[in-house]
Amino acid sequence: MQTNPVWRMVRALIATYILSGILLVVLSFALFKFRLPENQVNLAVCAVYILSCFFGGIIAGKTMRTRRFFWGLVLGSLYFLFLYLMSLAQKDGVTEDSKRLLSVLAMCTLSGMAGGMVS
């Protein structure tokens, strides 16, 4: 069952979300301790997306062993899809404009693909 590509991708996604959680806890501590302005917090959240998807792409590429850039791209897309679905599940739904949504999609997919290429 662990040689199935779906399970390998699920494991890589779980590792990506764990890394995201750790980085967001560090960011929240920095926000509490240093009273960061909103523009720096937004930049740091984008950095969390990029770093998480990059390292997730590395994990996906190493576990899949073929077409690594593609599997990194898939991981970044799935990461974004989960973020988007969780935003829809909130009470008010997605309130961001489409420009911000597309930029987050591009950050996640491209950094995942870059991680897959590096692996």
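W7 counts as partly exposed because its relative accessibility is 41%, where buried means under 20% relative accessible area, exposed over 50% and partly exposed in between (1.4 Å probe, protein chains only). The model is predicted, so that local features need pLDDT of at least 70 and side-chain atom pairs count only at pLDDT 80 or more, while totals for chains, interfaces and linings use all residues. Residues are numbered from 1 along each chain as its sequence is written, and side-chain values use heavy atoms, without hydrogens and water.

W7 lies in helix α1; helices are DSSP runs (H or I, at least four residues) numbered from the N terminus. Together with V6, V10, I14, I18, I22 and V26, W7 forms a nonpolar patch on the surface, with about 640 Å² of accessible area in total.

Helix α4 (residues 98-118) comprises 21 residues and spans 30 Å from its first C-alpha to its last, close to the 30 Å expected at 1.5 Å a residue, the expected span being 1.5 Å times one less than the number of residues. The buried residues of α4 include V104, M107 and C108, and the buried residues of this helix pack against α2 (38-64) and α3 (68-89). V104 touches Y49 and F80 (heavy atoms within 4.5 Å), residues up to four places away in sequence not being counted.

Terms used:
Helix = DSSP H or I, 4+ residues; strand = E, 2+ residues; numbered from the N terminus. Patch = residues over 30% accessible without salt bridge, like charges linked within 9 Å, V, L, I, M, F, W, Y side chains within 5 Å. Areas by Shrake-Rupley, 256 points an atom, 1.4 Å probe, with all protein chains shown as cover. Salt bridge = Lys/Arg side-chain N within 4 Å of Asp/Glu carboxyl O.
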